[in-house]
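Reader: Hey, can you walk me through this one? I'd like to start with the core.

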Amino acid sequence: MDVKKEYIPEFDGDLYKDEFGRTNFIVTTIDKIANWGRSNSPWPLSFGTSCCAIELMSTVSAKYDWSRFGFEVMRASPRQCDVIVVAGTITYKMAPVLKRLYDQMPDPKYVIAMGACAVSGGPFYYNSYAVLRGVDNIIPVDVYIPGCPPRPESLIHGMMTLQEKIRKSKAYVIQKPKKNKEEDK
Amino acid sequence: MIKEELKQYLEQTFPSAKVDETFDFPVLFLTKEELIPVMKQLRDAPETKFNFLFCETAVDRNPEFEMVYHLTSTYYHHDMMVKVILEDRENPEIESVYSVWEAADLYEDEIYDLFGIRFTNHPNLRRIFLTDEWVGYPLRKDYQDDRIISL
């Protein structure tokens with residue numbers, strides 16, 4: 001029975017050693033190192049429209065302290081942000097503002113819908129003339145967090161789910177140029 | 001003055017107006033024309049000194065509207081309520097009480113926004129919550145909107 005041997009490329013490490021016998025480089029892929037950086041420092045936009053924002057502030061502050069996971073840099077400008085946490089009710093008057101904020105964020109950008117109002121309209125789903133039924137009507141959402149409002153633990157869980165999603169994504173996809181068939185002939 | 005004394009005082013001072021009471025407040029019913037002079041009298045009279053309008057709102061009693069003014073006095077700590085019935089549903093209009101209490105400014109903006117009652121002599125009457133191009137007045141009983149999902 002053939003046992004496949006593990007393929008070990010020949011590598012002369014001595015060429016890269018310094019005078020103390022240490023090698024100072026690591027080998028990884030671009031995807032892994034880019035996702036490692038992105039997932040551990042998503043900067044959120046300081047954006048909150050109602051009571052979910054109170055829970056968001058509690059999560060930021062000392063007791064729950066989401067900077068343990070690398071989210072600590074709240075930015076006031078959407079041009080410096082990676083993730084927008086939609087915390088609260090979005091009315092039809094607020095919807096164009098939220099869309100503009102999302103459009104101003106640089107790629108890659110992520111959206112978390114926090115609480116029942118941002119997920120589906122929540123308590124305002126029936127008999128309301130002013131409330132948008134879920135922010136996924138206007139912007140794409142990555143993570144939904146249920147609750148009215150969610151506990152800070154659920155928000156942290158949602159942010160960690162977003163981190164997992166970022167780690168699994170393809171950071172750099174190199175597309176081969178398409179051949180023009182007529183030129184080949 | 002306690003509620004019963006205040007009610008008795010109102011009945012003596014305004015014999016032509018109807019006076020009622022709720023669980024909390026004595027209620028004085030006025031017409032559109034006598035609103036401003038009576039409000040000024042209630043504010044300035046040394047017996048009442050209602051110097052603070054703490055709530056102003058409207059009720060849609062289909063088909064007529066009802067304006068509701070809640071007054072309080074920071075000298076005597078007594079409260080009362082003033083109501084005005086507006087019969088005209090198509091074009092409801094009433095004099096603004098901004099000249100009596102400046103607190104009426106934003107209250108009347110909100111009532112204009114949600115009920116469509118116009119206030120004359122108001123300094124800056126505008127849509128305060130909804131967008132400027134909004135059609136209709138949402139808190140009216142006959143308001144129709146396709147976006148409302150009913151159970």
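Reader: Which residues touch the most other members of the largest nonpolar core?
Author: Of its 32 residues, those are A:Ile84, A:Val85, A:Val86, A:Ile112, A:Ala113, A:Met114 and A:Ala118. A nonpolar core is a set of buried Ala, Val, Leu, Ile, Met, Phe, Trp, Tyr and Cys residues joined through C-beta atoms within 7 Å; buried means 20 or more other C-beta atoms within 10 Å of a residue's own, with C-beta atoms placed from the backbone.

Reader: And which elements give two or more residues to it?
Author: In chain A, helices H2 (51-60), H4 (115-120) and H5 (152-168), plus strands E1 (83-87), E2 (110-114) and E3 (143-145). Those are DSSP runs numbered from the N terminus: helices are H or I with at least four residues, strands E with at least two.

Reader: Is this predicted or what, and how does the numbering go?
Author: It's a predicted model, where local features need pLDDT of at least 70 and side-chain atom pairs pLDDT 80 or more, while totals for chains, interfaces and linings use all residues. Residues count from 1 along each chain as its sequence is written, with chains lettered from A and ligands numbered from 1 in the order written.

Reader: What does A:Ala118 contact, leaving aside neighbours within four places in sequence?
Author: A:Val86, A:Gly88, A:Ile90, A:Ala113 and A:Val135. Contact means C-beta atoms, placed from the backbone, within 7 Å.

Reader: New topic: how many residues of chain B are in contact with chain A?
Author: 9 residues of chain B, and they meet 6 of chain A. The chain B side has 5 nonpolar, 2 polar and 2 charged residues. Nonpolar here is Ala, Val, Leu, Ile, Met, Phe, Trp, Tyr, Cys and Pro, charged is Asp, Glu, Lys and Arg, and the others, Gly among them, are polar.

Terms used:
A residue is buried if 20 or more other C-beta atoms lie within 10 Å of its own, exposed if 12 or fewer, and partly exposed in between; C-beta atoms are placed from the backbone. Two residues are in contact if their C-beta atoms, placed from the backbone, lie within 7 Å.
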